[in-house]
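This briefing covers selected features of a two-chain model, arranged by topic. Please read it alongside the sequence and coordinates displayed below.

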Amino acid sequence: MLLRRPKAKLEAAEIAEPQPGPGQVKVRVCACAVCRTDLHVVDAELPDPKLPLVLGHEIVGRVTAAGAGVEGFRAGDRVGIPWLGWTCGVCEYCRAGQENLCPRALHRLSGRWRLCRIRRRRRAVLLSHP
Amino acid sequence: MEAAPLLCAGLIGYRCLKMAGEGRRLGIYGFGAAAHIVAQVALHQGRAVYGFTRAGDEAARQFALSLGAVWAGGSDETPPEKLDAAILFAPVGALVPAALRAVRPGGVVVCGGIHMSDIPTFPYKLLWKERVVRSVANITRRDAEEFLSLAPAIPVRTTTQRYGLDQANTALWALRTGALTGAAVLVP
């Protein structure tokens, strides 16, 4: 479901299935909750949405593939994926355990209201192994 | 499906709760997905929860009471006793001075949303006596590890309404109009 322009209804669309790059895992979405932040994005109340955008950031899914260098996740793992997409890992906030304040943080690399999702390894949370 | 709301509503709620401090009397403004999760954590910690809903939203008021809130009322109402802390999930700036009125001296008001309408001017006396207003931005990995260990131990039960992926617009509308009880969850 794509948001093509602010304040528009979402539209069903076919999207090419992604493949995981280095440090990424591919996740098949099982469920994704709807958050008020999604409404803020639709209503253009947050800056610089990367349109067209697939919304959604409260996901539970299964890892289907892992890219090079991924450790700790394997196919079949049940994972959770929150809003924070990526942090630099080297700034003063990241080094102090306050990576939520990282000035380079990425919050929605893409959306999750789709069947498959690529996620950087450090920002997926392992819920259970198969 | 029940776990999905934990990944934002639950996690943000948990961080808000940490930022609210150790006070026992906790107000929660906006009784939706995040509130219904954090209320369970707060009760587990032995706190008393006061739920604030849209004025006249009887369903939300009853939802708060059903989860164990000691009091629930409209956001324009005054709780029966001063609060130690309040968490705002409703993105309504006017609730900041309202919450400041509701907390005791030294109390904390935590704004949990990523966006909020403008906060109206308010007299300094609402902030004086060491009341604190702060925001929460996102979560840390540590928050996630703590909360996702704690939630099943409590155990947190989420109230969800299921929508198919092709019903995403319907789910958004339900959230926008306050028609949801708990959290909407999309499934493929």
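This is a predicted model: local features need pLDDT of at least 70, side-chain atom pairs count only at pLDDT 80 or more; totals for chains, interfaces and linings use all residues.

Where is the place of A:A44 in chain A? A:A44 sits in the loop between α1 and β3 (53–54) of chain A.

**Contact between the chains**
- Chain A and chain B together bury about 3100 Å², with 66% of that area on carbon and sulfur atoms.
- Of the area that chain B buries against chain A, 19% is supplied by B:L7, B:R141 and B:L172, more than any other three residues supply.
- Chain A contributes 43 residues to the contact, and chain B contributes 34 residues.

**Helix α6 of chain B**
- In helix α6 of chain B, which spans residues 168–176, the buried residues are B:A168, B:A171, B:L172, B:A174 and B:L175.
- These residues lie on the same side of α6(B), because the arc they cover around the axis is only 160°.
- Their packing partners belong to both chains: α1 (36–42) of chain A, and β7 (160–164) and β8 (183–187) of chain B.
- After α6(B) comes B:G178, which has a positive phi, near 75°.

**Cysteines**
- Over all chains, the number of disulfides is zero.
- The sulfur of A:C32 has its closest cysteine sulfur in A:C35, at 9.4 Å, which is too far for a bond.
- B:C8 takes part in no disulfide either, and the nearest cysteine sulfur, that of A:C35 in the other chain, is 3.9 Å away; the cut-off for a disulfide is 2.5 Å.
- A:C32 counts as buried because its relative accessibility is 2%, and B:C8 counts as buried because its value is 8%.

- Strands β2 (residues 48–53) and β3 (residues 71–74) of chain B pair in the parallel sense over four bridges.
- Within this pairing, B:Y50 is opposite B:W71 of β3(B).

**Surroundings of B:I12**
- B:I12 is part of helix α1 (residues 9–19) of chain B, and its relative accessibility of 14% makes it buried.
- Apart from neighbours within four places in sequence, B:I12 has contacts with B:G112, B:N138 and B:I139.
- The C-alpha atoms of B:I12 and B:F147 are separated by 9.8 Å, and the two residues are 135 residues apart along the chain.

**Backbone features in loops**
- The peptide bond joining B:I154 and B:P155 is cis, with omega about -10°.
- B:P155 belongs to the loop between α5 (141–153) and β7 of chain B.
- A:A44, which is not a glycine, has a positive phi near 60°; with a relative accessible area of 40%, A:A44 is partly exposed.
- B:K129, also a residue other than glycine, has a positive phi near 65°.
- B:K129 is in the loop between β5 (103–111) and β6 (132–135) of chain B, and its relative accessibility of 45% makes it partly exposed.

Methods: Residues are numbered from 1 along each chain as its sequence is written. Chains are lettered from A and ligands numbered from 1 in the order in which they are written. Side-chain values use heavy atoms; hydrogens and water are left out. Buried means under 20% relative accessible area, exposed over 50%, partly exposed in between (1.4 Å probe, protein chains only). Helices (H or I, at least four residues) and strands (E, at least two) are DSSP runs, numbered from the N terminus. The arc is that of the directions from the helix axis to the C-beta atoms. Contact means heavy atoms within 4.5 Å. Two strands pair if DSSP finds at least two bridges between them. Buried area is the accessible area (1.4 Å probe) that two parts lose on being put together, summed over both.
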